[in-house]
Amino acid sequence: KLQDAFAKGYRALAIVLMHGHRFTAHEKRLAVIARVIGFPQVSVSHEISALIKLIGRGDTTVADAYLSPVLDRYIQRTRKALGQATPLFFMQSTGGLAEANAFRGKDAVLSGPAGGVVGMVAAAREAGFDRVIGFDMGGTSTDVSHYAGTFERTHETMVAGTRLRTPMLAIHTVAAGGGSICRFDGMRLRVGPQSAGANPGPACYGRGG
């Protein structure tokens, strides 16, 4: 079946077995077979989210398999532009930095908003505040966060209908931004999720507008 999928053009694979979080041997064996066949992207659930509950672990692994090849292409372009000798780090959804070779799709889902939270806290501390509320509006969404002396984190969240079980900053996202379209449905005014689009420019690159 893996050989058939590869022959059909699939190049990213998520491996998720029911008890893979505890008994890893079968997932490891499947990963070896997939790489021998030629899959360049193989995401394995016990490496991505080694936790019980199949659906959350599976969703997270699938998201990693989907996003990691896109990130890898971006990382390679960035590294080529900066040169191999330049240290390269990326913001993660946790608010921390990861070296380029350790940055994965599952770590990048809320990396843009997380950078906004870290910047907000740094600016607040410089101004003498240790309790702040963040309101980060882009072109298509608005991210709201809270800080009261420590970064608030969650280990399970829903993003675009997908359950992700990986550490992230606690950020609440609403599908309403500067480019959101307002409409009247006959009973009430609605905002988004349809968007007129946005082109924020290089100064805001990566914000997700």
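## Second largest pocket

The second largest pocket is lined by R35, Q41, V42, S68, L71, D72, I75, A100, N101, A102, F103 and R104. Two elements each give two or more residues to this lining: β2 (41-44) and α4 (54-82). Helix α4 makes the largest contribution, with four residues. The space in the second largest pocket comes to about 180 Å³.

By class, the lining splits into six nonpolar, three polar and three charged residues. R104 is among the lining residues, and R104 also takes part in a salt bridge, with D64.

The model is predicted. The chain has 209 residues, of which 34% count as buried. Five helices and 13 strands make up its secondary-structure elements. Along the principal axes, the C-alpha atoms fill a box of roughly 55 × 50 × 35 Å.

## Salt bridges

How many salt bridges does the model hold? The count is five.

E27 pairs with R57, with the closest N and O atoms 3.8 Å apart. For an N–O cut-off of 4 Å, the 3.8 Å of E27 and R57 qualifies.

## R104 and D64

R104 and D64 form another salt bridge, and their closest N and O atoms are 2.8 Å apart. R104 lies in the loop between β4 (97-99) and α5 (111-126), while D64 belongs to helix α4, so the pair ties together parts that are 40 residues apart in sequence.

D64 counts as buried, because its relative accessibility is 0%.

## K106 and D107

K106 forms a salt bridge with D107. The closest N and O atoms of K106 and D107 are 3.0 Å apart. K106 has a relative accessible area of 13%, so it is buried. D107 has a relative accessible area of 11%, so it is buried too.

## Nonpolar surface patch

Which residues make the nonpolar surface patch? M18, L54 and I55 do, and the patch covers about 300 Å². M18 is placed in the loop between β1 (12-15) and α2 (25-37). I55 is found in helix α4.

Why does M18 count as exposed? Its relative accessibility is 55%, and exposed means over 50%. I55 counts as exposed as well, because its relative accessibility is 57%.

I55 and F184 are 129 residues apart in sequence, and their C-alpha atoms are 37 Å apart in space.

## Backbone at K53

K53 is not a glycine, yet its phi is positive, at about 85°. Where does K53 lie? K53 is in the loop between α3 (45-48) and α4. K53 counts as exposed, because its relative accessibility is 55%.

## Two further reference points

R153 is found in strand β7, residues 153-154. R153 is partly exposed, because its relative accessible area is 46%. R153 and P69 are 84 residues apart along the chain, and their C-alpha atoms are separated by 26 Å.

R11 lies in the loop between α1 (2-7) and β1. R11 counts as partly exposed, because its relative accessibility is 38%. R11 and M137 are 126 residues apart along the chain, with 35 Å between their C-alpha atoms.

Methods: Residues are numbered from 1 along each chain as its sequence is written. This is a predicted model: local features need pLDDT of at least 70, side-chain atom pairs count only at pLDDT 80 or more; totals for chains, interfaces and linings use all residues. Side-chain values use heavy atoms; hydrogens and water are left out. Patches are made of residues with over 30% relative accessible area and no salt bridge: like charges are joined within 9 Å, nonpolar side chains (Val, Leu, Ile, Met, Phe, Trp, Tyr) within 5 Å. Accessible areas come from the Shrake-Rupley method with a 1.4 Å probe; for residues, only the protein chains shown count as cover. A salt bridge is a side-chain nitrogen of Lys or Arg within 4 Å of a carboxyl oxygen of Asp or Glu. Buried means under 20% relative accessible area, exposed over 50%, partly exposed in between (1.4 Å probe, protein chains only). On a 1 Å grid over the protein atoms alone, a cavity is a set of points where a 1.4 Å probe fits but cannot get out, and a pocket is an open set with protein on both sides within 12 Å along at least five of seven lines; lining residues have an atom within 4 Å of a point. Grid points are joined across faces, edges and corners, and a volume is the space filled by probe spheres set on the points. Ala, Val, Leu, Ile, Met, Phe, Trp, Tyr, Cys and Pro count as nonpolar, Asp, Glu, Lys and Arg as charged, and the others, Gly among them, as polar.
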